[in-house]
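Hi everyone, thanks for having me.

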Amino acid sequence: MIRLGLSGGIGAGKSTVAKTFIERGAYLIDADKIAREVVEPGTPGLAALVEAFGAEILTDDGSLDRPALAAKAFVDEEQRQKLNAITHPLVGARTRELLEAAPDDAIVVQDIPLLVEGNMAPFFHLVVMVHADAETRVERLTTARGMPEDDARARIAAQATDEQRRAVSDVWMDNSGTTEDLANAAATLWSERLVAFERNVRARRPAQPLVHLVAADPDPSTLGTRLVNRLWAILGDKATAITQTATDTLASEAETLGLELSPADLTAPEVSVTLAPAVRGVAELLADGGFPRVDGEVDVYASADPGRPGVVRTIVG
């Protein structure tokens with residue numbers, strides 16, 4: 001399977017993208033839904049919250065009064081950490097259960113509003129960010145959701161900036177147009193990139209880069225960093241060093257196709273991985289993570305994503 005992290009600021013339009021993916025067979029894991037499930041009446045999670053914050057956080061019917069909890073849990077950092085210590089392990093455990101239940105050939109879409117804030121981007125095969133400018137989002141939140149304008153602006157300001165989101169994204173989906181425009185873009189992403197990516201990972205096959213997908217990268221200057229961070233997430237303590245060593249371009253492919261693209265739009269990083277001396281057999285880990293071995297090579301791997309080229313060379317330290 002491949003795991004896709006779907007995120008974006010409040011009011012950006014993630015639900016439209018998620019719905020489009022689900023219609024095409026995606027396996028959805030919704031972080032907000034899980035966060036509600038683990039504190040439903042009768043759950044250990046809700047009991048733990050009551051013990052920590054008092055019975056005043058319950059409504060008359062015994063369910064969680066979220067505004068009352070927020071009034072207690074967000075008064076300072078200590079209380080917020082107390083809340084997180086209860087809910088985060090429960091959300092993590094339920095997420096793992098859902099991942100284990102996913103089919104082997106699934107495209108798993110994890111809808112995580114605070115993906116950037118939680119530094120989770122490297123743990124996904126691909127990060128898709130849905131974007132709309134702040135004023136557009138304020139209008140949506142105040143009209144469609146009935147949220148007071150001050151509240152809408154405060155929530156937007158409390159989240160990651162556009163620059164922070166762009167730096168960790170592999171796909172940037174603009175939602176300044178209509179819902180239909182966004183759904184069509186999501187459908188194209190699914191058919192052109194996600195299906196091929198999953199098949200390549202399952203077949204242990206590097207991708208043939210598609211120039212127009214590579215050129216659409218949200219921030220080519222951060223591609224090497226994204227690949228390095230992804231490899232750290234895959235290998236962990238099996239690696240002692242991971243560094244970008246070179247940057248090639250696909251300019252010749254663009255010229256063959258008659259596309260006027262600069263080399264900066266078509267970066268293809270090369271990354272060197274130094275393995276711990278006793279470590280062997282990382283090929284399966286890398287293949288599962290999106291970097292299958294190149295045919296005829298022993299220690300060379302390449303990206304299975306047709307929109308994010310990259311070569312990985314391993315050496316034993």
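**Charged residues, one by one**

Okay, so Lys14 is buried, because its relative accessibility is 12%; buried means under 20% relative accessible area, exposed means over 50%, and partly exposed is in between, with a 1.4 Å probe and protein chains only. Before I go on: this is a predicted model, where local features need pLDDT of at least 70 and side-chain atom pairs count only at pLDDT 80 or more, while totals for chains, interfaces and linings use all residues. Residues are numbered from 1 along each chain as its sequence is written, and side-chain values use heavy atoms, with hydrogens and water left out.

Back to Lys14. You'll find Lys14 in helix α1, residues 14–23. Helices here are DSSP runs (H or I, at least four residues), numbered from the N terminus, and strands are E runs of at least two. What does Lys14 touch, not counting residues up to four places away in sequence? Its contacts, meaning heavy atoms within 4.5 Å, are Leu6, Ser7, Gly8, Gly9, Asp111, Pro113 and Val130.

Now, salt bridges. That's a side-chain nitrogen of Lys or Arg within 4 Å of a carboxyl oxygen of Asp or Glu. How many are there by this rule? The count comes to 18.

Let me show you a couple in helices. Asp151 and Arg155 pair up through their side chains at 3.2 Å, N to O. They're about one helical turn apart, because they sit four residues apart in helix α7, residues 149–158. Asp151 is partly exposed at 28%, and Arg155 is partly exposed at 41%.

Over in helix α9, residues 179–203, Glu198 and Arg202 are also four residues apart, about one turn. Their salt bridge is 2.7 Å, N to O. Buried or partly exposed, what's Glu198? Glu198 is buried, at 5%, whereas Arg202 is partly exposed at 47%.

Then there's a network: salt bridges link Asp170, Arg193, Asp217, Arg226, Asp305 and Arg308. Take Asp305 and Arg308, whose closest N and O atoms are 3.9 Å apart. Asp305 is buried at 1%, and Arg308 is buried at 2%.

Asp217 sits in the loop between α10 (211–215) and α11 (223–235), and counts as buried because its relative accessibility is 8%. Leaving out residues up to four places away in sequence, Asp217 touches Asp170, Leu223 and Arg226.

That's my tour, thanks!
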